[in-house]
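Hi,

Here is the structure I said I would send over. Have a look at it first, and then read on for what turned up.

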Amino acid sequence: MPETVSESSESRFGEFVAVRRHDGHVAELVLDRPKAMNAVSSEMARSIAAACDALAADPSVRVTVLTSSNDRAFCVGADLKERNSFTDDELRRQRPTARACYTGVLELPMPSIAAVHGFALGGGFELALSCDLIVADATAVVGLPEVSVGVIPGGGGTQLLPRRVGAARAAELVFTARRVRAAEAAGLGLVDELVEDDARGAALELAGRIAANSPVGLRAAKRAMRLGHGLDLRAGLDVEDAAWRTVAFSGDRREGVAAFNEKRSPEWPGE
């Protein structure tokens, strides 16, 4: 049966990021700068990276759900008010901080789900694209408008979007800088699941279903898919084989086979 996702505890990472632990091995990474519609400042970027480091190091977390505390936006991207005050040297020094934020989400070792409610623009959409799955509701508006302000997507958008929707579709979206509403976003494959309302609830429910499975298997499957993407078939199969070997002799594999034969739910050791 799917595991429950009732709230159990919360940890803060600076002023603007929280991690809520739920029953059922689900962690919720909350973007919590509501007054700025979660615009990612340098401080917030450092906090997202720190939260991701903590989650990555916690073997009890089987799924991470990225959510927002704002009722109008998932995240509107980089804090352009802060950027407007930067000198060129300050912007150059800030770049590793920004990159660490996005790669922190992208490199989470467990499955990750973005719950998009409202605006997910620029870096906000790139945070969602860094997750394995995107659940959106009818309020969602997504896009990569960076060229309209004289830059390019810098949180992985030029690489992640083509992998999701293909090169030509990604080019049209990046070059026009247009915003895409929920129904069209679902049709184009920009989001994976569209619900009428409550993207967070739907994402947490999906996370609960995923978290019922082997934590060792989940991480190995994600690793195989991520590392194998873009390789030729033979190389990809070698990546898969290496990941298979990490689970084939694990306690989770032994428990899964035993539970199947004994017609009971598995109790995963996670090792």
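Which residues have the most contacts inside the largest nonpolar core? Keep in mind that this is a predicted model. The core in question has 47 residues, and the ones with the most contacts inside it are I48, F74, V116, F125, L127, L161 and L190. Helix α1, residues 42-56, gives the most to this core, with six residues. Another core lies apart from it, with 16 residues, among them V195, L204, A211 and L218.

Now the strands. There is an open sheet of four strands in the order β5-β7-β9-β10, and its pairing is mixed. β5 (73-75) and β10 (180-181) are the edge strands, each pairing on one side only. β5 pairs with β7 (residues 119-121) in the parallel sense over two bridges, and there A73 stands opposite F119.

β6 (residues 112-116) runs parallel to β8 and is joined to it by four bridges, with V116 opposite A136. β8 also pairs with β11 (residues 193-195), again in the parallel sense, over three bridges; here V135 stands opposite E193.

On to a helix. α11 (residues 251-262) has twelve residues and reaches 16 Å from its first C-alpha to its last, close to the 16 Å expected at 1.5 Å a residue. Which of its residues are buried? They include G251, D252, E255 and A259. These cover an arc of only 90° around the axis, which puts them on the same side of α11. F260 and N261, on the other side of α11, are exposed. Part of what covers the buried residues of α11 is α9 (215-228). Just after α11, K263 takes a positive phi of about 55°.

Is Q94 buried or exposed? Its relative accessibility is 7%, so Q94 counts as buried. Leaving aside neighbours within four places in sequence, Q94 is in contact with S42, E82, R83 and F86.

Last, the charged pairs. The count comes to 18 salt bridges. E10 forms one with R12, where the closest N and O atoms are 3.6 Å apart. E10 is partly exposed, at a relative accessible area of 43%, and R12 is partly exposed as well, at 39%. R20 also forms a salt bridge with E10, with the closest N and O atoms 3.1 Å apart. That pair links distant parts of the chain, since R20 sits in β2 (residues 17-22) and E10 in β1 (residues 7-13), ten residues apart. R20 has a relative accessible area of 21%, so it is partly exposed.

Then there is D192 with R164, a salt bridge whose closest N and O atoms are 3.0 Å apart. D192 is in the loop between α7 (182-188) and β11, while R164 is in helix α5 (residues 157-165), 28 residues apart in the chain. Both count as partly exposed, D192 at 42% relative accessibility and R164 at 23%. Finally, salt bridges that share partners join E10, R12, R20, E28, D32 and R200 into one network.

Cheers

Notes: Residues numbered from 1 in each chain as written. Predicted model: local features only at pLDDT ≥ 70, side-chain atom pairs only at ≥ 80, totals over all residues. Heavy atoms only, no water. Pairing = 2+ DSSP bridges. Core = buried A, V, L, I, M, F, W, Y, C linked by side-chain atoms within 4.5 Å. Buried < 20%, exposed > 50% of the residue type's maximum accessible area, 1.4 Å probe, protein only. Expected span 1.5 Å × (residues − 1). Arc of directions from axis to C-beta. Contact = heavy atoms within 4.5 Å. Salt bridge = Lys/Arg side-chain N within 4 Å of Asp/Glu carboxyl O.
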